[in-house]
Amino acid sequence: MWWISDTLSVGPRGLTLEGASVADLTWETPFYLYSRAAAVARLRALRAALDVPNRVFYALKANRYAPLVRALVDAGAGVDACSPREVTFARALGVSAEGISFNAGMLSDRDLRAVAAAGCHVTVDSLSALRRFGAIAPGAAVGLRLDPGVETGYGRDPKVTYGNTKFGLLHGAL
């Protein structure tokens with residue numbers, strides 16, 4: 001069978017994930033199974049494929065399952081957070097401030113104060129956020145999310161088209 005791997009297989013009780021019987025694990029629905037070994041292997045494969053010095057940041061908005069996030073962090077991933085609550089979640093998992101990259105749009109001053117206090121790397125995507133973050137955390141390093149002016153998406157509907165400052169600062173705005 002094409003799907004059998006080191007982590008997913010068939011045993012005496014049916015489907016197994018990392019050697020554990022799925023039948024023994026499924027006591028609630030909906031039920032999601034995650035393979036720590038497969039997630040870490042994919043992280044390592046991604047880092048190897050990039051073939052340059054890098055740090056991969058796992059986006060918490062993709063999945064906040066704590067054991068999965070912890071396994072990826074233990075394997076060297078950082079955490080990409082898009083809300084102060086996600087920063088708090090990552091810190092509660094033991095992720096260092098240096099291991100968190102915060103990137104979100106439409107930030108309130110309260111949000112900016114919270115992430116400044118957390119000490120993580122902050123990326124802003126508007127001149128307003130840049131000015132306000134500078135006033136809240138003078139001298140702090142900050143990343144800028146730039147819009148290269150290239151549109152992509154589905155048709156001309158601005159709700160599903162990215163570019164022209166939907167996200168980020170346009171070239172020349174600074």
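Asp74 is exposed, with a relative accessible area of 57%; here exposed means over 50% relative accessible area, buried under 20%, and partly exposed in between (1.4 Å probe, protein chains only). The side chain of Asp74 meets that of Arg70 in a salt bridge, 2.7 Å from N to O. Arg70 is partly exposed at 25% relative accessibility. Both residues belong to helix H3 and are four residues apart, which means that about one helical turn separates them. A salt bridge is counted when a side-chain nitrogen of Lys or Arg lies within 4 Å of a carboxyl oxygen of Asp or Glu.

This is a predicted model, in which local features need pLDDT of at least 70 and side-chain atom pairs count only at pLDDT 80 or more, while totals for chains, interfaces and linings use all residues. Residues are numbered from 1 along each chain as its sequence is written, and side-chain values use heavy atoms, with hydrogens and water left out.

Helix H3 spans residues 66–74. Helices (H or I, at least four residues) and strands (E, at least two) are DSSP runs, numbered from the N terminus. Leu68, Val69, Ala71, Leu72 and Val73 are the buried residues of H3. Their cover includes helix H2 (36–50), strand E4, strand E5 (78–81) and helix H4. After H3 comes Gly76, with a positive phi near 105 degrees.

## Other salt bridges

The salt bridge count is four. One of them joins Arg13 and Asp24, with the closest N and O atoms 2.6 Å apart. Arg13 lies in the loop between E1 and E2, and Asp24 in helix H1 (residues 22–25), so this pair ties together parts 11 residues apart in sequence. Both Arg13 and Asp24 are exposed.

Glu86 forms a salt bridge with Arg64, where the closest N and O atoms are 2.4 Å apart. This pair links distant parts of the chain, 22 residues apart: Glu86 is in helix H4 and Arg64 in the loop between E4 and H3. Glu86 is buried at 1% relative accessibility, whereas Arg64 is partly exposed at 47%. Leaving aside residues up to four places away in sequence, Glu86 touches Leu60, Lys61, Arg64, Asp80 and Ala81 (contact means heavy atoms within 4.5 Å). Helix H4 itself covers residues 84–92.

## The three-stranded sheet

Three strands form an open sheet in the order E1-E2-E3, with antiparallel pairing. Strands E1 (8–11) and E3 (20–21) are the edges, each pairing on one side only. Two strands are taken to pair if DSSP finds at least two bridges between them.

Four bridges join E1 to E2, and Gly11 stands opposite Gly14 in E2. The hairpin between E1 and E2 runs through two residues. Strand E2 (residues 14–17) pairs with E3 over two bridges, and Thr16 stands opposite Ser21 in E3. The E2–E3 hairpin also has two residues between its strands, and Glu18 in that turn has a positive phi of about 50 degrees.

## Tyrosine patch and cysteines

Tyr32, Tyr34 and Tyr65 make a nonpolar surface patch of about 350 Å². Tyr65 is in the loop between strand E4 (57–59) and helix H3, and is partly exposed at 42% relative accessibility. Patch residues have over 30% relative accessible area and no salt bridge; like charges are joined within 9 Å, and nonpolar side chains (Val, Leu, Ile, Met, Phe, Trp, Tyr) within 5 Å.

The disulfide count is zero, a disulfide being a pair of cysteine sulfur atoms within 2.5 Å. Cys82 is partly exposed, with a relative accessible area of 25%, while Cys120 is buried at 9%.

Terms used:
Accessible areas come from the Shrake-Rupley method with a 1.4 Å probe; for residues, only the protein chains shown count as cover.
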